[in-house]
Amino acid sequence: MDVLVIDDSQAVLNQIQRLLEHDLQVVTSIFLNPLLALEEARMRAFDLVLVDFTMPEMDGVSVIRQLRAITHYSQVPIVMFTSEVSDAVRIGALDAGATDFLDKRMGRVELKVRLRNLVRLATAVRRLDDQASWLAGEIEKAVRTLREREAEIIFRLSLAVEYRDNDTGDHTWRVARYSQIMAEALGLDADLCRRVYLAAPLNDVGKVAIPDGVLLKPGRLDEEEFALIRTHAAIGKRILGGSNCELIGLAAEIAESHHERWDGRGYPQGLSGEAIPLAARIVAVADVFDALTSQRPYKAAMPLDEARACIEAESGRHFDPACVAAFLSRWDDIVTVGAAATASARLRDLPFRIEPWARVPSLPREVPAGAASTPHQDEAA
């Protein structure tokens with residue numbers, strides 16, 4: 001228990017110090033100058049403050065008002081200890097935030113009892129403050145754990161979808177990181193960038209409803225099969241839509257609209273320009289770029305520079321020009337992500353303390369021997 005006492009009388013300071021330290025076993029810091037006392041209070045967290053009213057440099061009401069402006073002293077008991085007992089002084093002190101008002105002329109016994117009660121009050125306030133800090137820490141840990149679990153669940157769900165369509169879980173991670181990088185480059189706030197990062201991998205969740213014979217067909221799709229593939233966007237919206245969870249709501253927007261085009265020639269609704277949700281416009285660039293640069297059973301991976309040229313060429317047609325500009329402005333980061341395609345590389349360069357994909361293994365799928373190598377009609381491109 002640390003007590004701050006401010007008074008311009010050394011005799012009064014000595015009296016209060018003896019009572020507090022000898023009889024009540026608390027540590028006391030005494031100051032004749034209120035300005036020096038305030039300076040000390042800003043650097044040190046006192047549990048109880050006693051302040052005189054009439055002092056040089058500054059009166060007690062002003063001291064109380066300045067102390068209450070310091071975050072730590074918003075709840076700390078602050079007591080005016082003075083012989084000035086007029087109503088104006090009392091009201092001024094209480095209005096400034098004084099907890100109590102003590103008359104210097106009271107007897108020693110009463111003063112000791114009043115001080116003891118104030119010490120008990122300050123002890124209780126500190127205990128409550130410590131408990132509140134502990135609870136805040138526990139809540140923060142619980143929220144962090146929930147956010148990590150939320151992230152891992154989403155990535156594992158997206159991996160389950162991807163397992164039907166790709167050879168590795170790296171696509172999930174890369175699309176998420178490409179999308180996050182672009183969101184940051186667009187100047188979106190940190191929380192929205194994180195939600196884009198988590199929601200982006202669910203862009204193709206609707207593919208769970210597409211038959212394997214169409215989804216995994218090694219040859220070119222016919223018009224009927226391609227029309228069936230295109231239904232995955234609307235199916236993804238039906239799977240994720242209607243949730244009260246803000247993150248799932250964002251994922252539903254992305255799932256439904258990431259195949260819309262800036263020029264209005266996309267699907268499923270033929271939206272154009274800014275009518276397409278921003279997160280979907282971001283993921284459209286990330287998803288197509290990764291599709292171009294990924295090796296699949298039906299195609300070779302395109303070099304990064306060539307894929308970049310394809311993205312740049314589609315600015316204003318397929319893609320939002322602002323998203324393409326954001327993509328190009330962070331090209332070095334895009335290349336770093338594209339190069340870190342293996343699980344071992346990912347685990348060496350964790351951008352955050354814990355990442356959901358750090359616990360998600362790659363799941364290579366066997367490709368039937370003798371599968372045709374003719375180009376697949378890649379609907380992402």
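Reply: What follows goes from the whole chain to the core, then to the rings, and ends with the surface patch and the salt bridges.

The model is predicted, so local features need pLDDT of at least 70 and side-chain atom pairs count only at pLDDT 80 or more, while totals for chains, interfaces and linings use all residues. Residues are numbered from 1 along each chain as its sequence is written, and side-chain values use heavy atoms, with hydrogens and water left out.

The protein has 16 helices and five strands; these are DSSP runs numbered from the N terminus, with helices being H or I of at least four residues and strands being E of at least two. Of its 381 residues, 45% count as buried. Buried means under 20% relative accessible area, exposed means over 50%, and partly exposed is in between, with a 1.4 Å probe and protein chains only. Among contacts (heavy atoms within 4.5 Å) between residues at least 6 apart in sequence, 65% join residues at least 24 apart.

The largest nonpolar core holds 45 residues, and Phe-289, Ile-311 and Phe-327 touch the most other members. Eight helices each supply at least two residues of this core: α5, α6 (170-185), α7 (190-199), α11 (246-257), α12 (278-293), α13 (304-313), α14 (321-329) and α15 (331-339). The largest share, nine residues, comes from α12. A nonpolar core here is a set of buried Ala, Val, Leu, Ile, Met, Phe, Trp, Tyr and Cys residues joined through side-chain atoms within 4.5 Å.

Leaving out residues up to four places away in sequence, Ile-311 touches Val-285, Val-288, Phe-289, Phe-319, Val-324 and Phe-327.

Now the rings. A search of the whole structure finds four aromatic pairs. Rings of Phe, Tyr and Trp (its six-membered ring) pair if their centres lie within 6.5 Å; planes under 30 degrees apart count as stacked, over 60 as edge-to-face, and the rest as tilted. One of the pairs is Tyr-178 with Phe-289, which is edge-to-face at 5.3 Å centre to centre, with 80° between the planes. This pair links distant parts of the chain, since Tyr-178 is in helix α6 and Phe-289 in helix α12, 111 residues apart. Tyr-178 counts as buried because its relative accessibility is 0%, and Phe-289 counts as buried because its value is 0%.

Phe-289 also pairs with Trp-331: the ring centres are 5.9 Å apart and the planes lie at 80°, so this pair is edge-to-face. Again distant parts of the chain are linked, with Phe-289 in helix α12 and Trp-331 in helix α15, 42 residues apart. Both Phe-289 and Trp-331 are buried. Together, Tyr-178, Phe-289, Phe-327 and Trp-331 form one aromatic cluster.

Next, the surface. The protein exposes about 18400 Å², of which carbon and sulfur atoms supply 54%; accessible areas come from the Shrake-Rupley method with a 1.4 Å probe, and for residues only the protein chains shown count as cover. Trp-134, Leu-135, Ile-139 and Val-143 form a nonpolar patch there, with about 410 Å² of accessible area together. Patches are made of residues with over 30% relative accessible area and no salt bridge, where like charges are joined within 9 Å and nonpolar side chains (Val, Leu, Ile, Met, Phe, Trp, Tyr) within 5 Å. Trp-134 is placed in helix α5 (residues 108-163) and is exposed, with a relative accessible area of 53%.

Last, the charged pairs. The count of salt bridges comes to 20, each being a side-chain nitrogen of Lys or Arg within 4 Å of a carboxyl oxygen of Asp or Glu. Glu-138 and Lys-141 meet in one of them, at 3.0 Å from N to O. These two are three residues apart in helix α5, so they are separated by about one helical turn. Glu-138 is partly exposed at 31%, and Lys-141 is partly exposed at 41%.

The side chains of Asp-103 and Arg-105 form a salt bridge at 3.1 Å, N to O. Here Asp-103 is buried, with a relative accessible area of 18%, whereas Arg-105 is exposed, at 58%.

Arg-317 forms a salt bridge with Glu-314, with the closest N and O atoms 3.3 Å apart. Arg-317 is partly exposed at 44%, and Glu-314 is partly exposed at 22%. A network of salt bridges links Arg-261, Asp-263, Glu-314 and Arg-317.
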